[in-house]
Amino acid sequence: MTSPLYQRDREWHPPALAPDYKTSLGRSPKNALLSLDGTPSELTGPTFGHNDIDAIDNDLLRNYAKSGDPVGERIILHGRVLDENARPVPNTLVEIWQANAGGRYRHKKDSYLAAIDPNFGGCGRTLTDENGYYTFRTVKPGAYPWRNWINSWRPAHVHFSVFGTAFAQRLITQMYFEGDPLIAKCPIVKSIPDQRAVDQLVAALDLNATIPLDSIAYKFDIILRGHRSTFFENRPEGN
Amino acid sequence: MTQSLNYLKETASQTAGPYVHIGLAPGDAGFDIYAQELGRDIAGPNAEGQRITVTGMVTDGTGAPVKDVLIEIWQANAAGIYAGAGDVEEGFRGWGRVIPDFDTGKFTFETVKPGPVAGTDGRMAAPHLNLWLVARGINVGLNTRMYFDDEAGNASDPVLNLIEQAHRRDTLIAKGDDAMYHFNICLQGIDETVFLDV
């Protein structure tokens with residue numbers, strides 16, 4: 001079990017009810033959340049190891065390829081998982097999923113007219129290394145229309161799921177791409193009240209991490225909740 | 001001016017969207033990609049204790065089923081020990097993913113009934129599963145708990161007793177017997193489930 005966590009800043013996260021994102025109207029609790037000081041049920045969490053995944057799982061160019069490479073702009077997505085104390089979070093599971101280069105998801109419920117790519121599944125997973133680093137190789141996803149207003153388009157994005165060491169650190173978010181004009185128009189992005197929190201979701205073009213003549217790169221760091229110090233408390237586990 | 005505290009800010013949450021299954025349960029999205037999907041067996045083959053089956057449904061503020069939800073379960077074993085916090089049976093992770101039927105919204109999962117868990121203050125928590133819900137329209141994953149209606153310890157459970165409106169405690173208590181339990185989760189409305197800021 002880990003030490004207690006910093007309180008989640010609910011003014012930094014999107015509120016449950018964000019009326020311009022229509023689906024949130026019927027799926028947002030109206031009662032206040034019940035605040036708990038961390039108990040063992042939330043300060044523990046599942047852990048994963050290299051037996052759980054395969055080395056190819058973080059290579060979306062290859063992990064579903066049948067007859068060749070997927071169509072699209074080849075990209076490296078890399079970064080670190082840190083906590084709010086800027087400490088790396090090692091050996092934690094990072095899972096991603098995304099649309100293909102045409103903006104189509106491989107999902108039985110997606111019927112967008114853009115084509116399925118026979119060589120692209122659209123999901124990957126990896127464990128951070130001892131310094132909290134992760135890397136994926138994939139194609140840049142396309143923007144796509146969705147039913148919110150009659151003419152709503154999602155900016156290109158990659159969904160990220162991260163664990164940390166405590167179930168209360170569990171986080172799902174979306175990563176956007178530097179320079180995309182659709183970011184500022186998206187009701188899901190704009191559910192976040194603080195522009196600085198939005199900026200934190202926009203991966204920067206990282207020319208230093210590109211592979212020349214092969215793949216362009218974007219860097220995206222993910223921050224999980226930090227552990228509270230236990231000064232003057234008789235807790236052997238410390239931070 | 002003062003010195004800077006230099007803390008980083010937690011990355012803001014964004015909805016998991018309707019296609020969360022691609023990333024976290026691709027078999028349910030309709031394709032086979034990983035040698036092993038994670039979270040398909042909560043308790044593992046060697047878990048001791050009572051095997052139970054839980055059925056239920058998540059509903060929205062109009063009473064309609066939330067068919068695209070994904071629920072994660074985190075639980076202790078029958079001795080009240082969380083994996084990673086003490087000795088548990090080989091293969092017991094106590095974590096899994098539950099995906100409802102896309103047409104009906106009904107879910108079913110199997111696990112073992114957890115034991116009571118000792119809190120940091122020594123008070124005992126009644127047996128419970130920890131749940132985390134994500135879906136399209138849910139901007140930050142929702143935490144809640146599922147207790148069991150045949151457990152006497154519910155009356156003194158520290159979390160249930162924190163709920164001010166006593167009748168709302170029932171929203172966290174699964175009904176059942178003989179190893180079959182039923183638990184609905186209501187995102188909004190008169191029967192709204194109690195959700196937790198953990």
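I counted two helices and 12 strands in chain B, taking helices (H or I, at least four residues) and strands (E, at least two) as DSSP runs numbered from the N terminus. I note that this is a predicted model, in which local features need pLDDT of at least 70, side-chain atom pairs count only at pLDDT 80 or more, and totals for chains, interfaces and linings use all residues. Residues are numbered from 1 along each chain as its sequence is written, chains are lettered from A and ligands numbered from 1 in the order in which they are written, and side-chain values use heavy atoms, with hydrogens and water left out.

I read the order of elements in chain B from the N terminus as α-α-β-β-β-β-β-β-β-β-β-β-β-β. I then looked up burial, and 58% of the 198 residues of chain B count as buried (buried is under 20% relative accessible area, exposed over 50%, partly exposed in between, with a 1.4 Å probe and protein chains only).

Next I turned to the backbone. Most residues other than glycine have a negative phi. I found that D178(B), which is not a glycine, has a positive phi of about 50°; D178(B) lies in the loop between β9 (173–177) and β10 (180–182) of chain B and is exposed, at 70% relative accessibility.

L213(A) sits in the loop between β10 (202–205) and β11 (216–219) of chain A, and I noted L213(A) as exposed, with a relative accessible area of 95%.
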